[in-house]
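Dear colleague,

Please find the structure below, handed over for your reading. The findings follow directly after it.

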2 protein chains.
Amino acid sequence: MSAARHSTLDFMLGSRADGETILKGLQSIFQEQGMAESVHTWQDHGYLATYTNKNGSFANLRIYPCGLVLFDLQSYDSDSQGKEEINNLLNKVEERMKELSQASFGWVKRLPTIVAGGAIHRYWPTADGCLVEYDIDEAVYDEDSPYQNIKILYSKQFGNILSSVGILIGQRVICGKEDYTGKDVLILGGGDGGILHEIVKLKPKMVTMVEIDQMVIDACEKYMRNTCSDVLDNLKGDCCRVLIEDYIPAKEGREFVYVINDLTAVPISMSPEEDSTWELLRLILDLSMKVLKQDGKCFTQGNCVNLTEALSLYEEQLGRPLSCGILEGDCLCPFILVTMGILHWKKAKP
Amino acid sequence: MSAARHSTLDFMLGSRADGETILKGLQSIFQEQGMAESVHTWQDHGYLATYTNKNGSFANLRIYPCGLVLFDLQSYDSDSQGKEEINNLLNKVEERMKELSQASFGWVKRLPTIVAGGAIHRYWPTADGCLVEYDIDEAVYDEDSPYQNIKILYSKQFGNILSSVGILIGQRVICGKEDYTGKDVLILGGGDGGILHEIVKLKPKMVTMVEIDQMVIDACEKYMRNTCSDVLDNLKGDCCRVLIEDYIPAKEGREFVYVINDLTAVPISMSPEEDSTWELLRLILDLSMKVLKQDGKCFTQGNCVNLTEALSLYEEQLGRPLSCGILEGDCLCPFILVTMGILHWKKAKP
C-alpha cells in the first residue's frame, strides 16, 4: 500500500522576508523539476506559492512577512528513489535559502517526513496531545474479534505491541509495589497476559483473570510471548486461572485482596454526563469494590499524569458513589512516553 | 512570538475518490469562511484544491484517485480563538466528508497540530528518525556560553531538561550496573551533574568530573536540582571534585577504574572519513584508555539501539586503534523514548 509523504522545511530568517526575492531566487529549482508555479499574494500577509509536478506531487512555499518561511512538499510515492528525489529537492531549497538570506539567516528545521495513508499507523499521540511516532514497521496480527479490532504491531524498539481499540498498551504494566504472596488477586481484562505473568511470579494464592475476548488471548499467546511468557498456554495453572467472561465473577461470592483493572483507562472526555465510558468506569469500580476484601486495594490506569483535570474529574466522579474508597493518586514510572498515573483505592472499614 | 499552526485531516475512503463530487460537496464550507478556491487537476493523479483566506491562512485539499484525501490547513495565529476556529473548520470538513462518502467511508485521522516557528522547539526526533513532540512549554534558561548554546527547557512530564547542542539529555543517565564502592571514577563532560550525583551516592573513593563549560554547571546547579541535587554547589567534596577543563587529566598520571563518557553520543553520520565527530570520538576513547586501570571499564552512550549500522560502524572505527578494548554492546533501559545502547569497553591485559 503506497502512502503520501509529507516533508517540511521551516526557515526563520533573521530579518523580515523579502518575498519577491525569495520566489525569484528559488524559481529555477522548481523549473528544473518541471513544477508549475502559481502565486497568491496577500496585501499584509505575505506570499503563498504552489508548485505542482506532473507526477502528482506538489509543494507549498508560504512566506510570512515576519521572516518565517515554510516549505511543504507532498508526494505519493514510497519507493526509495522517490525519497532520494525528495531529499535532493529539500537540500537544494535549503541551500538556496541560505544563499539568499546570507548573514540574516536565522535557523532551518527539517522534521522527519510524515507519512499519511500508510497501512500501518505509526503516530500515536499521547493523551495530552503530543505527537509521537513509533518505529512500527508491520502488523504481525490484524483481526476483528466479535468485540474489537485486534492489532499486534511490531516495533524494532519495543518488540510486539498489542494495540486494541486504539490504545497503545506497553509490555510491562505496573501493578503497584505490593506484596502479592499468598493473596487472592483479580485481573479485569489484561488479555495480553502481562500482568498475569508478573503476578504469578510473585507467588500469589490464586490470580483470577477475567477477559471477555478469547481472540485477544489467542493472539497474544502466539505473538506476545515476551509479555505473557507461557501463562496463557493453559487457562488454568497452580495459582492462576483465566475466565473468558464478561467481567467480575461477583456471583461466586469470592473476595480478593487486590483488584487490578486492565480494562480501560481514565477517559479523556470532560463530559461525564454524556460519555458512557464514565458510566462503565463507575460500574467497574463499583463491582470491584463489591468483591474487594476489607483493606484490599484496587488499581486502575490513570492514562497520563499530565491530564490533571481528567484525573481530578475521575476522582470526583468515582468518589461520589464510593464513599468507602480512599483515592491515593500515585505517579509511577514512565510508560513508553507518557508517565501514567496508577490510581489506587483502598477499601476502608464500612 | 507567534507561530504557524499546521493542522491535518487524513481520510481514506473505502472506494476510489470522486474528486468532482468531493470538491463540490465541500465548497460551501470554504465559501462560508470567505476562502478563495483554486483547483489544479491532473489527468491521472487526482486533484489539488487550494483555499486562501484573507487573514493569511490557507488550506490544501489533495484528492488521490485511490481514495486517500488529505486536508492541510496552515494558519499564523496562536490565540485560543484561532484554535477554536480551526477546529470548527476541521470538524465541518470531517462531517461533510463522511456525509459525502457514507457507506464507503474508510477512516479519518487527525494528528495533533504541528507548530512551526515557535520560540520553543517541541519536536525532538529520535536518532532513528521518529518524530517525537515533548510537552515543552518554556525555556527556563537560554544563554550562549563560549562553547555552546545552553537551553534548559521545562516539560510538565519530565521537569527541567538540559538541551545543549541540540541533544536532548534526560534526567537520569545510566552508569551500568556496576559496584562503584571505593573506586576511582572519571566522568567526561556530564555538566548537568546527574551522573556525578548518582555515583556519589554509591560511595566511590573519588569521582573526578571534567567539564569544559562553567556556564553549564552554573545553569544546572540553579535549574536542574532534581538531577544534580547539591553536588554542583561546591566543586570539591569528600569523594568528588569537578574540574573545569578541556577533558582528561592524563598529565596527572592518575588512573581510574571507570571512565564514563558523557560528552557526546555515537554520531549518526555514516561517513567516518568526512565527519570530524568520529575523529573526536577516537581521540576521547584513546585518552580514556590511557587513564583506565587494567580491567577497568569505559562507558559511552550508544545514541539509539535501533541504529545498528551506526553502532557497528562505531565498533569498527574505535576497535581499530584500540585493539586492547573489548566491545560489549549492552542495551539498557528506555531513555525517554529511545532505548539507548550503553556501550562499554573493558581494558584487557596488554
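In what follows, a residue is called buried under 20% relative accessible area, exposed over 50% and partly exposed in between, with a 1.4 Å probe and protein chains only. By that rule Ala49(B), at 0% relative accessibility, counts as buried.

Some conventions come before the rest. This is a predicted model, in which local features need pLDDT of at least 70 and side-chain atom pairs count only at pLDDT 80 or more, while totals for chains, interfaces and linings use all residues. Residues are numbered from 1 along each chain as its sequence is written, chains are lettered from A and ligands numbered from 1 in the order in which they are written, and side-chain values use heavy atoms, with hydrogens and water left out.

Chain A

The secondary structure of chain A amounts to 7 helices and 18 strands; helices (H or I, at least four residues) and strands (E, at least two) are DSSP runs numbered from the N terminus. Of the 350 residues in chain A, 54% are buried. Contact here means heavy atoms within 4.5 Å. Among contacts in chain A between residues at least 6 apart in sequence, 60% join residues at least 24 apart.

The relation of the two chains

The interface

In total, 55 residues of chain B are in contact with 55 residues of chain A. Of the interface residues of chain B, 100% are also interface residues in chain A, so the copies meet through the same surface. The two chains bury about 4600 Å² between them, 62% of it on carbon and sulfur atoms; buried area is the accessible area (1.4 Å probe) that two parts lose on being put together, summed over both.

Between chain B and chain A the count of salt bridges is 0, a salt bridge being a side-chain nitrogen of Lys or Arg within 4 Å of a carboxyl oxygen of Asp or Glu. Across the interface there are 10 residue pairs in polar contact, both residues at pLDDT 80 or more. A polar contact is a pair of N or O atoms within 3.5 Å; within protein, one must be able to donate a hydrogen and the other to accept it, and residues adjacent in sequence count only if both atoms are side-chain atoms.

Several strands of chain B each supply at least two residues of the side that touches chain A, among them E1 (4-13), E5 (68-76) and E18 (338-347). The largest share of that side, 6 residues, comes from E5(B). By class, the side of chain B that touches chain A has 26 nonpolar, 19 polar and 10 charged residues. Here Ala, Val, Leu, Ile, Met, Phe, Trp, Tyr, Cys and Pro count as nonpolar, Asp, Glu, Lys and Arg as charged, and the others, Gly among them, as polar.

Salt bridges

Over all chains, the whole structure holds 20 salt bridges. In one of them, Arg122(A) pairs with Glu133(A), the closest N and O atoms being 2.8 Å apart. Arg122(A) is partly exposed at 22% relative accessibility, whereas Glu133(A) is buried at 4%.

In chain B, Glu94(B) forms a salt bridge with Arg110(B), with the closest N and O atoms 2.9 Å apart. Glu94(B) lies in helix H2 (residues 80-101) and Arg110(B) in the loop between E6 and E7, so the pair ties together parts that are 16 residues apart in sequence. Glu94(B) is buried, with a relative accessible area of 17%, and Arg110(B) is partly exposed, with 32%. In chain A, Glu94(A), Lys98(A) and Arg110(A) are linked in a network of salt bridges.

Asp184(A) lies in strand E12 (residues 184-189) of chain A and is buried at 7% relative accessibility. Not counting residues up to four places away in sequence, Asp184(A) touches residues including Lys205(A), Arg254(A) and Tyr258(A).

Ala49(B) is found in strand E3 of chain B. The C-alpha atoms of Ala49(B) and Ser38(B), 11 residues apart along the chain, are separated by 5.6 Å.

With kind regards
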